[in-house]
Amino acid sequence: MKKILLNIISVVYSFGRETSGLPAQFAQARSSHCLRIPQSEHIRSLNLSNAAAIVLYEALRQQGFARLD
């Protein structure tokens, strides 16, 4: 019987509040893994669902997911 080994990588996306982001202690503990979505200085915040859509789209794009055009 052959054993099949799967290389599974776990990815977790955490999104903070629309106005204040992630709690400072949480973000500082994971600073090398945090990202920021650039936005105009005239925009106060992104809607949480829009921020999640941007991040998920970019993750799929970088993985070469088909039919993203």
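The legends below describe close-up views of a predicted model. Residues are numbered from 1 along each chain as its sequence is written, and side-chain values use heavy atoms, with hydrogens and water left out. Local features need pLDDT of at least 70 and side-chain atom pairs count only at pLDDT 80 or more, while totals for chains, interfaces and linings use all residues.

**View 1. A salt bridge joins the side chains of Glu58 and Arg61.** The N to O distance is 2.5 Å. A salt bridge here is a side-chain nitrogen of Lys or Arg within 4 Å of a carboxyl oxygen of Asp or Glu, and by this rule the count comes to 1. Glu58 and Arg61 are separated by about one helical turn because they are 3 residues apart in helix 2 (residues 48-62). Helices (H or I, at least four residues) are DSSP runs, numbered from the N terminus. Glu58 has 27% relative accessibility, so this residue counts as partly exposed. Arg61, at 43%, also counts as partly exposed. Buried means under 20% relative accessible area, exposed over 50%, and partly exposed in between (1.4 Å probe, protein chains only).

**View 2. Ile9, Val11, Tyr13, Phe15, Leu48 and Leu56 make a nonpolar surface patch.** Its area is about 560 Å², by the Shrake-Rupley method with a 1.4 Å probe. Residues of a patch have over 30% relative accessible area and no salt bridge, and nonpolar side chains (Val, Leu, Ile, Met, Phe, Trp, Tyr) are joined within 5 Å. Ile9 lies in the segment before helix 1 (24-29). Ile9 counts as exposed because its relative accessibility is 66%.

**View 3. The largest pocket holds about 1,000 Å³ of space.** A pocket is an open set of points on a 1 Å grid over the protein atoms alone, where a 1.4 Å probe fits, with protein on both sides within 12 Å along at least five of seven lines; lining residues have an atom within 4 Å of a point. The volume is the space filled by probe spheres set on the points, which are joined across faces, edges and corners. Of the 28 lining residues, Ser14, Gly16, Leu22, Leu35 and Arg36 lie nearest the centre. Helix 1 and helix 2 each supply at least two lining residues, and helix 2 gives the largest share, 3 residues.

**View 4. The second largest pocket has a volume of about 190 Å³.** Its lining includes Val11, Tyr13, Leu35 and Glu58.

Conventions
Patch = residues over 30% accessible without salt bridge, like charges linked within 9 Å, V, L, I, M, F, W, Y side chains within 5 Å.
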